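Here are my notes on the disulfides and the aromatic contacts. Please read them with the model open.

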Amino acid sequence: MRKAISVIVIAAAAKTAFAADYATCLLDKLPGVKNAPAHAAALNLCAQQHPDKFFEVRRGSGRGLLGPKSPEQCTLDKARDTSWQPAAGMIMRACGCLYTQSAGPTDMCERYPLSAEIRAQHPLVKTDADLLKLETHYRKIYTAHPDADSLYQRKDFWAWVTQSKAREDSLIKGSTESIIRVMSEFKAIGAADTQWLDGVSTVVPPARQ
């Protein structure tokens, strides 16, 4: 009896922890959806809770003793009463993410595509694990600042950056979060406050690191 209770407790704890990802959120909120507003609301709620969406979910992470045995079984169970087809399609995608056999620790449900130019700038990245870290780095930066490339080429931006050694180090050598923060700080001061730099700065943007 005690062993059975222990199994139930462990399973419940695992289910609670497992619920903290985008795919599981979709499978919790989308079944039974019958119209576009409910579909949009479910997607927005899950995106707010899990902004990294499928990028941070490992394929096959839902597989276990108590869950569906296949993505097809998951889709049948979860989408059978979902008449709004886009919602049913997202259920199928989430089921495929969680219940397809994993190909390894870097087999995420979605990977961020890097351009050939960016890949060429990182010749030391050899393993898929390192590539995944690089993809995550650029994905987070471009999500926060879609205009990062154009910002990086602005002389007024670099003139402002190089006014502070700490700021310069944060941008060139810092973490993903510090790079995002520096770009955000520059935007926060307002274009009018740095307009004077456009015509007088001799700072040349460095080669990307």
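1. A starting definition: a disulfide is taken here as a pair of cysteine sulfur atoms within 2.5 Å. In general terms, a disulfide is a covalent bond between the sulfur atoms of two cysteines. Keep in mind that this is a predicted model. By that cut-off, the structure holds three disulfides.

2. Take Cys25 and Cys46. Their sulfur atoms lie 2.1 Å apart, and the two form a disulfide. Which hand does the disulfide have? The torsion about the S-S bond is about -85 degrees, so the disulfide of Cys25 and Cys46 is left-handed. The pair links distant parts of the chain. Cys25 sits in helix H2 (residues 22–29) and Cys46 in helix H3 (residues 36–49), 21 residues apart.

3. Are these two cysteines buried or exposed? Buried means under 20% relative accessible area. Cys25 has 5% relative accessibility, so Cys25 counts as buried. Cys46 is at 0%, so Cys46 counts as buried too.

4. Next, Cys74 and Cys95. This disulfide has its sulfur atoms 1.9 Å apart. The link is left-handed, with -65 degrees about the S-S bond. Distant parts of the chain are linked again: Cys74 belongs to helix H4 (residues 71–79), Cys95 to helix H5 (residues 85–99), and 21 residues separate them. Both Cys74 and Cys95 are buried.

5. The disulfide between Cys97 and Cys109 has an S to S distance of 1.9 Å. Its torsion about the S-S bond is about 80 degrees, so the disulfide of Cys97 and Cys109 is right-handed. Where do its two ends sit? Cys97 is in helix H5, while Cys109 is in the loop between H5 and helix H6 (116–120). The two are twelve residues apart, and the pair links distant parts of the chain. Cys97 is at 3% relative accessibility and therefore counts as buried. Cys109 is buried as well, with a relative accessible area of 13%.

6. What is the pairing when the bonded cysteines of the protein chain are numbered in sequence order? The pairing is 1-2, 3-4, 5-6.

7. Now the rings. The structure holds eight aromatic pairs. One of them is Phe157 with Trp158. Planes over 60 degrees apart count as edge-to-face. The planes of Phe157 and Trp158 meet at 70 degrees, with ring centres 5.7 Å apart, so the pair is edge-to-face. Phe157 is at 0% relative accessibility and so counts as buried. Trp158, at 1%, counts as buried too.

8. Phe157 also forms an aromatic pair with Phe186. The distance is 5.0 Å centre to centre, with 80 degrees between the planes, and the pair is edge-to-face. Which helices does the pair link? Phe157 is in helix H9 (residues 155–161) and Phe186 in helix H11 (residues 176–189). They are 29 residues apart, and the pair links distant parts of the chain. Phe157 is buried, as is Phe186.

9. These contacts belong to a cluster. Ring pairs link Tyr152, Phe157, Trp158, Trp160 and Phe186. Trp160 also has a charged neighbour to inspect: Arg167 lies over the face of Trp160, at 4.0 Å from the ring centre.

Terms used: Residues are numbered from 1 along each chain as its sequence is written. This is a predicted model: local features need pLDDT of at least 70, side-chain atom pairs count only at pLDDT 80 or more; totals for chains, interfaces and linings use all residues. Side-chain values use heavy atoms; hydrogens and water are left out. Rings of Phe, Tyr and Trp (its six-membered ring) pair if their centres lie within 6.5 Å; planes under 30 degrees apart count as stacked, over 60 as edge-to-face and the rest as tilted. Buried means under 20% relative accessible area, exposed over 50%, partly exposed in between (1.4 Å probe, protein chains only). Helices (H or I, at least four residues) and strands (E, at least two) are DSSP runs, numbered from the N terminus. A charge sits over a ring if NZ of Lys or CZ of Arg is within 6 Å of the ring centre and within 35 degrees of the ring normal.
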